[in-house]
Amino acid sequence: MIRPAIVAVGYNRSFGMKRLLDSIGAAKYQESDITLIISIDESNESDEVEIVAKNFNWNHGSKIIRRFPERQGLRKHIILCGNYSETYGSVIILEDDLVVSEDFYSYVCGAHETYGNDKRICGISLYSYSHNVFTHYIFCPVPSVNDVFLGDMVVTWGQSWNYRQWKNFKEWYLKNEDKLPIVNPNIPRDISGWTRSWGRYYASFIAENHVSYIYPYRSRTTCFSDFGVHNKTLNPLTFVQVPIMQGMPIEYRFGQYEELVRYDSFFERVLDDRYIISNIPGSKICFDINNMKTNSGG
């Protein structure tokens, strides 16, 4: 049975950690014996974050609190949290500016059950974008009969990996750590500037290996984008706040890979040869509606 460990990632926002843990506690679980790991990086507010972690009552399995004695930084911290997939088979990574939907856990379990062995899938996203975060234009993926679609966009606002997916990335990461080009034409230019982010590496990994995340049409997380290391504005970035799924579906519609709508890392539609436009097969068409690409193969 697929039973991902839930990893709540904290640093210096005790209020954010409490908000996240409260939403995890309020969710519905069909599974039992679920491990919750609260991972705290060292900061001048780590004591307060640890108090929140200790006071949180987890009724669905083991609760583990891990506090680092020295600052790791977000990239290393996430990498260390991803390594829990080796022990638990899969992990759900949630940073402390998120909250989760009521059915987040059963959605992730079902998605891994369906797509976990597909080498074309690099992970399960809990978040669903409502905007192209680089242009700020509305992003509305083409509807389908399925509950999910394929996206090559990197996600840092709630994601899950099984051991195979994480192992593939980790091996690639160790070979490419601190060796990425200043600008990678196969990913959005803004991502190349994320010099301290693990997301920059995962985006490059996705582009190089031609893999995709499973994205939900209805988001299972929303992001408050609180003031912190990667958001220096005092006001939250409200455009990253999205509606989240309410209630527990009777069943999930997880279609075959070939049936799913797909978008690339630039939020542009990817077509296959089932689509013919002006006598051109879909696989030969590269969309750049947002004028972001510098490489036609991107």
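Buried means under 20% relative accessible area, exposed means over 50%, and partly exposed lies in between. The exercises below use a predicted model.

**Exercise 1.** Classify His-136 as buried, partly exposed or exposed, and describe its backbone.

*Solution.* Start with the location: His-136 sits in the loop between β6 and β7 (148-151). Its relative accessible area is 45%, so His-136 is partly exposed. Now the backbone. Most residues other than glycine have a negative phi. His-136 is not a glycine, yet its phi is positive, at about 70 degrees.

**Exercise 2.** Do likewise for Phe-267.

*Solution.* Phe-267 lies in the loop between β11 (262-263) and β12 (269-270). Its phi is positive, about 65 degrees, although Phe-267 is not a glycine. Relative accessibility is 6%, so Phe-267 counts as buried.

**Exercise 3.** Describe how helix α1 (residues 14-26) meets helix α2 (residues 46-55).

*Solution.* Take the axes: they come within 8 Å and cross at roughly 20 degrees. Angles under 35 degrees count as roughly parallel, so α1 is roughly parallel to α2. The crossing is right-handed. From α1, Ser-14, Met-17, Lys-18 and Leu-21 make the contact; from α2, Glu-48, Val-49, Val-52 and Ala-53 do. By type, these residues are five nonpolar, one polar and two charged.

**Exercise 4.** Check the span of helix α6 (residues 163-176), then find what covers its buried residues.

*Solution.* At 1.5 Å a residue, the 14 residues should span 20 Å. The end C-alpha atoms are 20 Å apart, which agrees. Next, the buried residues of α6: Gln-165, Trp-166, Phe-169, Lys-170, Trp-172, Tyr-173 and Asn-176. Their cover includes α3 (74-82), α4 (85-88), α5 (104-115), β6 (121-125), β8 (159-162) and α8 (198-209).

How values were computed:
Residues numbered from 1 in each chain as written. Predicted model: local features only at pLDDT ≥ 70, side-chain atom pairs only at ≥ 80, totals over all residues. Heavy atoms only, no water. Axes fitted to C-alpha atoms, helices over the stretch in contact; angles between N-to-C directions. Helix = DSSP H or I, 4+ residues; strand = E, 2+ residues; numbered from the N terminus. Parallel < 35°, antiparallel > 145°, perpendicular 65-115°, else oblique. Left-handed = near helix turned anticlockwise from the far one by under 90°. Contact = heavy atoms within 4.5 Å. Nonpolar A, V, L, I, M, F, W, Y, C, P; charged D, E, K, R; others polar. Expected span 1.5 Å × (residues − 1). Buried < 20%, exposed > 50% of the residue type's maximum accessible area, 1.4 Å probe, protein only.
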